[in-house]
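Good morning, and thank you for coming.

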There are 2 protein chains.
Amino acid sequence: MFKLKFNSQGLIPAIVQDHKSGEVLMLAYMNEESFNATLKTKKIHFYSRSRKKLWCKGETSGNIQKLKELYLDCDLDTVLVKVEQVGGAACHTGHRSCFYSKYKGGKLKICGKPLFNPNKVYKAKSKKNDVQSHKIKPV
Amino acid sequence: MFKLKFNSQGLIPAIVQDHKSGEVLMLAYMNEESFNATLKTKKIHFYSRSRKKLWCKGETSGNIQKLKELYLDCDLDTVLVKVEQVGGAACHTGHRSCFYSKYKGGKLKICGKPLFNPNKVYKAKSKKNDVQSHKIKPV
């Protein structure tokens, strides 16, 4: 048996990595409920700190993340999930990875282009499913 | 210009990834001082929450991490550093990655073997440099 070390808010950071390419796609936070939901459904679930509720990644965009492997670190306070990213893009901006901003000489340089238009994807799905979309930032 | 979003403790999680293999090696936390020290020295620095001080990764073991690339995520609240891992192992247990515990059927399975003996590395270095070693857990 093992016991995850959740922080004082009951959360644990979870790194999401593409199971084939090794690309780091995003980091979000799980609570016990979302950790268990991830294992049970084989779809990555987080705890949405902004909406304060269980969040199945991709529930709005359709870009779910299928669990392939799950690892814990030596201190049991970080999760690493290896996933198949449905739809190709993990980021709410439409980028494949949330880490599209590269530091160079004191500035951030945007790498790559969005794979989908977030305004279209989230607007359409939100109306249809009545699910609150994430805040879209300009890219 | 950009502004990192530190949490209420003044910290931001930093994912460390091997710049060639893409392997995720560890996650630790930076404060503003360690973020700036990382950029200035090109060696990865964190804030040690247990020792409550600036921590140059590898200062005791010699296994420093050379900065190759630095990315921020879409919310500016997570750092991704791509590094060259000197000595081959990032984990204080001697494992290459801290994520050597794979979840399977409700249990954790240890993957791979340590590349160095932590008791020898940290004891010897601690005596020599009078630097407090991390707690070594059985592997």
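This is a predicted model: local features need pLDDT of at least 70, side-chain atom pairs count only at pLDDT 80 or more; totals for chains, interfaces and linings use all residues.

Let us begin with Lys42(A), which sits in the loop of chain A between helix H1 (32–41) and strand S3 (45–48). Lys42(A) has a positive phi of about 65 degrees, although it is not a glycine.

Lys52(A) is found in the loop between S3 and strand S4 (53–56) of chain A. Its phi is near 55 degrees, again a positive value in a residue other than glycine. With 62% relative accessibility, Lys52(A) counts as exposed, because the limit for that class is over 50%.

Six strands form an open sheet, and their order is S2(A)-S1(A)-S6(A)-S5(A)-S7(B)-S8(B), with mixed pairing. Which strands stand at the edges? They are strand S2 (24–30) of chain A and strand S8 (107–110) of chain B; each has a single partner strand, so one side of each is left without a neighbour in the sheet. On average, neighbouring strands of this sheet are turned by 35 degrees against each other, direction ignored.

Some individual pairings deserve attention. As a reminder, strands of a sheet pair through backbone hydrogen bonds, either parallel or antiparallel. In chain A, strand S1 (residues 12–18) and strand S6 (residues 79–85) pair in the parallel sense over five bridges. Within this part of the sheet, Gln17(A) stands opposite Lys82(A) in S6(A).

A further pairing joins the two chains. Strand S7 (residues 101–104) of chain A and strand S5 (residues 65–72) of chain B run antiparallel and are joined by two bridges. Here Lys102(A) has Tyr71(B) in S5(B) as its bridge partner.

S5(B) also pairs with strand S6 (residues 79–85) of chain B, in the antiparallel sense and over seven bridges. Leu72(B) has Val79(B) in S6(B) as its bridge partner. S5(B) and S6(B) form a hairpin with six residues between them, and in the turn Leu76(B) has a positive phi of about 60 degrees.

Let us now consider one residue of a helix. Thr38(B) lies in helix H1 (residues 32–41) of chain B. At 0% relative accessibility, Thr38(B) counts as buried, because buried means under 20%. What does Thr38(B) touch, if residues up to four places away in sequence are not counted? The residues are Met30(B), Lys43(B), Ile44(B), His45(B) and Leu67(B). A polar atom of the Thr38(B) side chain lies 2.8 Å from the backbone oxygen of Ser34(B). The C-alpha atoms of Thr38(B) and Leu70(B) are 9.7 Å apart, with the two residues 32 places apart along the chain.

Finally, I come to the relation between the chains. Chain B is superposed on chain A by a rotation of 180 degrees with 0.0 Å of shift along its axis, at an RMSD of 0.0 Å. That is the relation of a two-fold axis. In chain B, the C-alpha nearest this axis belongs to Gly22(B), at 2.6 Å from it. Of the interface residues of chain B, 100% are also interface residues in chain A, so the copies meet through the same surface.

Notes
Residues are numbered from 1 along each chain as its sequence is written. Chains are lettered from A and ligands numbered from 1 in the order in which they are written. Side-chain values use heavy atoms; hydrogens and water are left out. Copies are superposed by least squares on the C-alpha atoms of residues with pLDDT of at least 70 in both. Contact means heavy atoms within 4.5 Å. Helices (H or I, at least four residues) and strands (E, at least two) are DSSP runs, numbered from the N terminus. Buried means under 20% relative accessible area, exposed over 50%, partly exposed in between (1.4 Å probe, protein chains only). Two strands pair if DSSP finds at least two bridges between them. Axes are lines fitted to C-alpha atoms, for helices over the stretch in contact, and angles run from 0 to 180 degrees between N-to-C directions. A polar contact is a pair of N or O atoms within 3.5 Å; within protein, one must be able to donate a hydrogen and the other to accept it, and residues adjacent in sequence count only if both atoms are side-chain atoms.
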